[in-house]
Amino acid sequence: MRWCCETVGGDPDACELLASELATNAVNHANTPFRVTFAALRGQPVRVEVRDWSLRLPEPRAADLDDAGGRGFELVDALAAEWHVDVNEAAGYKVVCFTLAGDAA
């Protein structure tokens, strides 16, 4: 994953961290197979999508100081240029995606 993030431009550390956070959410909350896609088109922001086969929407929350988890979407909010969730009820999946500031090289 790191090689891909470094190759497409933008902040590779943020790309890797946020992709990992969304993939971890898919494992922990969707409990289905998932797929991570990196999209980088020249002159466009880097876009990362995590698709899982659960229609359950993410529930961002404010974690208490002593909580071991629950800060994933705080990180996404802080580091991504934008993020959103697309749901395809007919096909039975959702996609959580984010874009990073900057253009793909």
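Reader: How many helices and how many strands does the secondary structure of the protein come to?

Author: The model is a predicted one. From the N terminus on, its elements run α-α-β-β-α-β-β. The secondary structure therefore comes, with helices and strands taken as DSSP runs, to three helices and four strands.

Reader: What percentage of the residues in the protein is buried?

Author: A residue is buried when its relative accessible area is under 20%. The protein has 105 residues, and the buried share of them is 30%.

Reader: Which residue of strand 4 is the bridge partner of R47?

Author: Strand 1 (residues 34–39) and strand 2 (residues 47–52) run antiparallel and are joined by six bridges; in this pairing, A39 has R47 as its partner in strand 2. Strand 2 is also joined to strand 4 (residues 93–99) by six bridges, again antiparallel. In strand 4, the bridge partner of R47 is T99.

Reader: Is N31, with its positive phi, buried or exposed?

Author: N31 lies in the loop between helix 2 and strand 1. Its phi is near 55°, a positive value in a residue other than glycine.

Reader: How is the aromatic pair of W53 and Y93 classed by the angle between its planes?

Author: The structure holds two aromatic pairs. In one of them, W53 and Y93 are 6.3 Å apart centre to centre, with 55° between the planes. Planes under 30 degrees apart would count as stacked and planes over 60 as edge-to-face, so the pair of W53 and Y93 is tilted.

Reader: How many residues apart are W53 and Y93, and which parts of the chain does the pair link?

Author: W53 is in the loop between strand 2 and helix 3 (72–79), whereas Y93 is in strand 4. W53 counts as partly exposed at 38% relative accessibility, while Y93 counts as buried at 16%. The pair links distant parts of the chain, and the separation of W53 and Y93 is 40 residues.

Reader: What is the distance between the ring centres of F73 and W83?

Author: F73 lies in helix 3 and W83 in strand 3 (residues 82–88), so the pair ties together parts that are 10 residues apart in sequence. F73 is buried at 10% relative accessible area, and W83 is partly exposed at 23%. Their planes stand at 35°, so the pair is tilted, and the distance between the centres is 4.6 Å.

Reader: Which residue has its charged end over the ring of Y93?

Author: Y93 is also the residue whose ring pairs with that of W53. At 4.0 Å from the centre of the Y93 ring sits the charged end of R51.

Reader: How far apart in space are C97 and W83, C-alpha to C-alpha?

Author: C97 has its place in strand 4 and counts as buried, at 0% relative accessibility. Along the sequence, C97 and W83 are 14 residues apart. In space, their C-alpha atoms are separated by 5.5 Å.

Reader: What distance separates the C-alpha atoms of Q44 and T99?

Author: Q44 lies in the loop between strand 1 and strand 2 and is partly exposed, with a relative accessible area of 41%. Q44 and T99 are 55 residues apart along the chain. The separation of their C-alpha atoms is 9.5 Å.

Reader: Which element gives the largest share of the lining of the largest pocket?

Author: The largest pocket holds about 440 Å³ of space, and among the residues nearest its centre are N25, H29 and F73. Helix 2 (12–30), strand 2, helix 3 and strand 4 each give two or more residues to the lining. The largest share, six residues, comes from helix 2.

Reader: How many of the lining residues of the largest pocket are charged?

Author: The lining is made up of 23 residues. Of these, 10 are nonpolar and six are polar. The number of charged residues is seven.

Methods:
Residues are numbered from 1 along each chain as its sequence is written. This is a predicted model: local features need pLDDT of at least 70, side-chain atom pairs count only at pLDDT 80 or more; totals for chains, interfaces and linings use all residues. Side-chain values use heavy atoms; hydrogens and water are left out. Two strands pair if DSSP finds at least two bridges between them. Rings of Phe, Tyr and Trp (its six-membered ring) pair if their centres lie within 6.5 Å; planes under 30 degrees apart count as stacked, over 60 as edge-to-face and the rest as tilted. Buried means under 20% relative accessible area, exposed over 50%, partly exposed in between (1.4 Å probe, protein chains only). A charge sits over a ring if NZ of Lys or CZ of Arg is within 6 Å of the ring centre and within 35 degrees of the ring normal. On a 1 Å grid over the protein atoms alone, a cavity is a set of points where a 1.4 Å probe fits but cannot get out, and a pocket is an open set with protein on both sides within 12 Å along at least five of seven lines; lining residues have an atom within 4 Å of a point. Grid points are joined across faces, edges and corners, and a volume is the space filled by probe spheres set on the points. Ala, Val, Leu, Ile, Met, Phe, Trp, Tyr, Cys and Pro count as nonpolar, Asp, Glu, Lys and Arg as charged, and the others, Gly among them, as polar.
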